[in-house]
Structures are given as structure tokens and as C-alpha cells.
Amino acid sequence: MTAIDESRRQAGKRDQDGLSGWNVDPVLVLTLVLLVGFVAQGPVRRLLSAPVMQSWMTVFVAVVVQALPFLVLGVLLSAGLAVFVPPSVFTRVLPKRPALAVPVAGLAGAVLPGCECASVPVAGALVRGGVNPSAAVAFLLSAPAINPVVLTATAVAFPGQPGMVVARFAASLAAACVMGWLWQRLGRPDWLRPRAAHAHEDGDGRGAAFWGSVRHDVMHAGGFLVGGAMAAATLKAVVPASWLQAAGGNPVLAVLALAVLAVLLSICSEADAFVASSLTQFSPTARLAFLVVGPMIDLKLFGMQAATFGRGFALRFAPVTFVVAVLAAVLTGAVLL
């Protein structure tokens, strides 16, 4: 091979290497990032110092900071319930008659904390363990709505308003029991097809399953909390006050608007009270509808219910639950708020 040929071969190799990947100097990249940041700091600083952004950040930080401890505590308790409490406990405790088992299962949600992410698999385990489906439905809806962590968070979010805590408990329990009784009367076994149990439900590796469930639920629910806080901050700071007052001034529109918002935001029940308390343009009954509907049916719950019990169950269950929850909130709000 001549010197010219070797020179051409080396040049071709360099061209090929250049095409296959660039050797990026990290110092140069850092310099460029700092330069861009220096140039843009003026506009960014002016944007962040704008009154609307300061109002937005105040609401966002307040909602997240207040709600996060309750969210973590609720996830820890619900993961422990899902992993360490066998379904046979419920089978022994619940009455044999379905009509009585429904309210007992609903009240069990008041003493057995469980967020939405945990209540769906727990309800599936109850059905597989022999619990009447109507009682499992009542527990599925009540556990994330009236457990002690959620009620305590509601009391903190609405200081000096014990009526909101009582109303949330009463409306959520009533909606859960009505749905359980409706399932007992109208439900069909082929609509409810719980998936097979996971390995940890049989007792293998429960510690690992517990921490895996905690990590998953904290990240999952935390993402929805951030999204909900951003939405609440945007409604508070960006949407014209006249629009919110117009929506809040119409009782029917206010209730429906916040009920639909609860479905779309999909906030964890341990945190939704702090979002609801920030929506001061709306009536207490409308905010109660937000608190009752959210833990029972939202976008993430629809997906989890379809995956756990089958799409046929979710398609029938979701719209009926929405209507029953809204009616329960309106009737309870008319009496207690």
C-alpha cells in the first residue's frame, strides 16, 4: 500500500468516525449552558417576578407542602394493608347477608386506610377470597374516601369547618353503600372478573412487595399531586376571576364543573382536600362534590378497575358511580353545609 493510499484510508476512517458520533467537550457544553442562562436570566427573572407568577407559585407550593405528608402516610398505611392483611380477615368479620355486609364493609373503610391505588387490588383480593362482590364494591369506594388519614387531611385543609369533614364522611359512605346495594340488586357475576393473584399476595417476599408498592404509589400519586397543584394554581392565578365567579355562581354548573375536574385531575384522596380548599370561588357543596367524586372515580381509577376487574365492569361501574357520588354530595351538602 502506497503512502497516498494510506493517507486516503486514514482520512476515510476519520470521516466515518465523525459521522458515527461526535466527541463533545463537556467544558464547552457547560460554558454554553452558563452563557445561555446568563443571557436569559433577565427575561426569566422578570417572568418569575410578575405578580401572576408569584401568585401561581404561592398556591402551588402551599398545596404541595401541605398535602405531601398526608400522601406519604396514606401510601405507607395502604401498602401495609394490601400486603400484610389477608383477605380471610374480611371474610370472617363481614356478615353473611349481603344487605348487612355492604354497610359494614363501607364502615371498614373508616378504620382501614387505603388510597385509590391500593383499594382496587385489595378489593380484587377480597373477591378472590370469597367476600361478596357487593361488599367488596362498598369497601373499594369507601376506603380511600373516609379513612382517618383523609379525614384528618380534610380537617387541616378546612380549618374551623368541621361540617366539611362530617359532610365528606357522610356523603362518601352513603355513595359507597348505595353502589354496593345497586351491585347486589343489578350486578352480574360475568361483569366482575378479577385478575389472578400476584405472588406477594400468597405471602412470598412481603417486605419487598411492601416497599415496592410504597415506591410505586409515592411516585404515581406524587405525580398526580403535582399536576393537581398546578391546575389549582392556574385556576387561581391565571383564569379570570369573573369566569370562576360566573361558574361558581351557578349552583348546578359549579357542582358539575368540580366533579368533572376531580375526574380529570385524578388527585390522591390524601391530598385532594388541599386543592379543594384553594377553590374559594366555588360553593362548599361544589367543593364537597370534588371531594366525594375524586376518590371514587377518576381517570387513573378507571384504568385500574378495567385492568383488575375487566373492561365490562369499568364501563358500567364508572358512570353510575359518578352520578351516585354527585347526588350524594348535593343532598349531603344541602343538609350539612
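The model is predicted: local features need pLDDT of at least 70, side-chain atom pairs count only at pLDDT 80 or more, and totals for chains, interfaces and linings use all residues. Residues are numbered from 1 along each chain as its sequence is written, and side-chain values use heavy atoms, with hydrogens and water left out.

**Overall chain**
- The protein chain has 16 helices and zero strands; these are DSSP runs numbered from the N terminus, with helices being H or I of at least four residues and strands E of at least two.
- Of its 337 residues, 44% count as buried (buried is under 20% relative accessible area, exposed over 50%, partly exposed in between; 1.4 Å probe, protein chains only).
- Among contacts (heavy atoms within 4.5 Å) between residues at least 6 apart in sequence, 83% join residues at least 24 apart.

**Salt bridge**
- The count comes to one salt bridge, defined as a side-chain nitrogen of Lys or Arg within 4 Å of a carboxyl oxygen of Asp or Glu.
- R168 and D272 form a salt bridge through their side chains, at 2.9 Å from N to O.
- R168 lies in helix α9 and D272 in helix α13 (residues 272–278), so the pair ties together parts that are 104 residues apart in sequence.
- R168 is buried, with a relative accessible area of 0%, and D272 is also buried, at 2%.

**Nonpolar surface patch**
- V178, W181, L182, L186 and V320 form a nonpolar patch on the surface, together having about 420 Å² of accessible area.
- Patches are made of residues with over 30% relative accessible area and no salt bridge; like charges are joined within 9 Å and nonpolar side chains (Val, Leu, Ile, Met, Phe, Trp, Tyr) within 5 Å.
- Helix α9 (residues 162–186) gives the largest share of the patch, four residues.
- L182 sits in helix α9 and is partly exposed, with a relative accessible area of 32%.

**Around N132**
- N132 is in the loop between α6 (116–128) and α7 (133–146), and is partly exposed at 27% relative accessible area.
- Leaving aside neighbours within four places in sequence, N132 is in contact with P98 and Q184.
- The C-alpha atoms of N132 and A101 are separated by 8.0 Å, with the two residues 31 apart along the chain.

Key
Accessible areas come from the Shrake-Rupley method with a 1.4 Å probe; for residues, only the protein chains shown count as cover.
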